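User: Can you take me through a few packing details of this one?

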Amino acid sequence: MLTPAEMGAADRAAIEGGIDGGALMRSAGRAVAREIMRRFTPGRVVVLCGPGNNGGDGFVIATYLERVGWPVTVALLGRAEALAGDAAQAARLWRGPIAPLLPAALDGARLVVDALFGAGLARPIAGDAAATLAAVRVPLVAVDLPSGVSGLTGQVLGTAPQAALTVTFFRPKPGHLLLPGRLLCGETVVADIGIPEAVLGPMAPRLFLNTPALWREDLPRRHARDSKYARGHLTIIGGVTMTGAARLAAAASRRVGAGLVSIAAGDAPSAAIYRAAEPGVLVTEASIATLLADPRRNAWLVGPGLAQGERTNAVLAALLASLHASLHASGRAVVVDADALSACAGAPERLAGAALLTPHAGEFARIFGPVGDDKVAAARRAAAATGAVVLLKGADTVIAAPDGRAAIDANAPPDLATAGTGDVLAGAAAGLIAQGMNPFKAASAAAWALGEAARETGAGTIAEDLPPLLPRALAGL
């Protein structure tokens, strides 16, 4: 993915490499016109054009639609004489009517094309532009992004229309995936307009859409000589009252391939509950010190179902103190979730040494402060502050690594909004880490696979449905 600034750099690099800027604009306009003709029947179209290159794209769109017989009017913000560069050239090629950008220009429209501002907008929309967008009552096609949606954060700057279709170019922007921008985009199409892939090399982008292409090659592979010990041993610190959370996490970690999974029970009654459940999960009442002495226990998950209190604080401190000192030598990793995160409210330094943190927005705010408008930046700051990968959960989950890499996951259907799915996610990520997958890619893979599993179950999904479907989600990869 590219930020708006990076997309501008890609455009400049393509032009400096010999591609005509006007040709790129014509390709962009053709791409939008083509997608419109695929989805809508001919009728009166009003193209809203802004004063920059996004408006230039709009003039190209108007020209192509008019050539195939669609009745088109352009409504321009500002004066045509004020346009410059490629946008001015595109406007000169338009032979149809140009109206002022006012709500009255929408009269009789059956389709509106929003080519006002695009992804680079940095200030709220106001005046005639805001009034005109607010007056749209027919399907709207957005060029690059619905005007008013920040291409960087997905936040709405003042006002923004609801698009039925958004056509962007070369690479998606964060605003296409982050909420609420993703919802306002409607269907999103990324069009190839002739920018060569080579422009990405010097830019070294650090933000990615979370798809299997990001981590597929790092998934644990099965080998004929594998043993259960070769596939890792995950130890989950079990709660004494909410025992279901650790059980869900254990089921998920086993389903993604962890060789051994243990639950460290907090007392005898909870140990009895764990032992009466899934027979393939090991249950122990040994002390943390004793468990840490076993070098085969290479991954730990602390938090699901624990509740805040002295035990949670003590276990987390013991794990991180021990593992921080020997992390690189032992290969051990700690995943911190749920109440173990809340136990560190206002003290992110207590999480130093962890491999992966999996907070939702409330837990994140208790530790690091409010997420704010820029979810990617917030996750990156938290990762840099703790040295851990941060998986900031939500419908637009962000995974950030301490080195600045980040991924946005859009594979989270609303069916995941039910108790226990976070425990399944933490267990799946920990299970992949136990098998040697690095935490950034393990978190990304777990988030994607959880979404795939939820899509298969659909309405009525409960957390217990998901672990058995994780192998199917990953098997085809």
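The chat below covers a helix pair, a loop residue and a sheet.

User: What kind of model is this?
Analyst: This is a predicted model, where local features need pLDDT of at least 70, side-chain atom pairs count only at pLDDT 80 or more, and totals for chains, interfaces and linings use all residues. Residues are numbered from 1 along each chain as its sequence is written, and side-chain values use heavy atoms, with hydrogens and water left out.

User: At what angle do α2 and α4 pack?
Analyst: About 55 degrees, with the axes of α2 (residues 21–39) and α4 (residues 85–92) 9 Å apart. Axes are lines fitted to C-alpha atoms, for helices over the stretch in contact, and angles run from 0 to 180 degrees between N-to-C directions. Helices (H or I, at least four residues) and strands (E, at least two) are DSSP runs, numbered from the N terminus.

User: Which residues meet there?
Analyst: Gly-21, Gly-22 and Met-25 of α2 meet Asp-86, Ala-87 and Ala-90 of α4, contact being heavy atoms within 4.5 Å.

User: Different topic. Is Gly-69 buried or exposed?
Analyst: Gly-69 is exposed, at 56% relative accessible area (buried is under 20%, exposed over 50%, partly exposed in between; 1.4 Å probe, protein chains only). Gly-69 sits in the loop between α3 (53–67) and β2 (72–76). Its C-alpha is 7.9 Å from that of Pro-42, 27 residues away in sequence.

User: And the sheet, what is the strand order?
Analyst: The open, mixed sheet has ten strands, ordered β8-β17-β16-β15-β14-β13-β12-β9-β10-β11. Two strands pair if DSSP finds at least two bridges between them. β8 (207–209) and β11 (282–284) are at the edges with a single partner strand each, so one side of each has no neighbour in the sheet.

User: How do β9 and β12 pair?
Analyst: In the parallel sense, over four bridges; Thr-235 has Trp-300 in β12 as its bridge partner.
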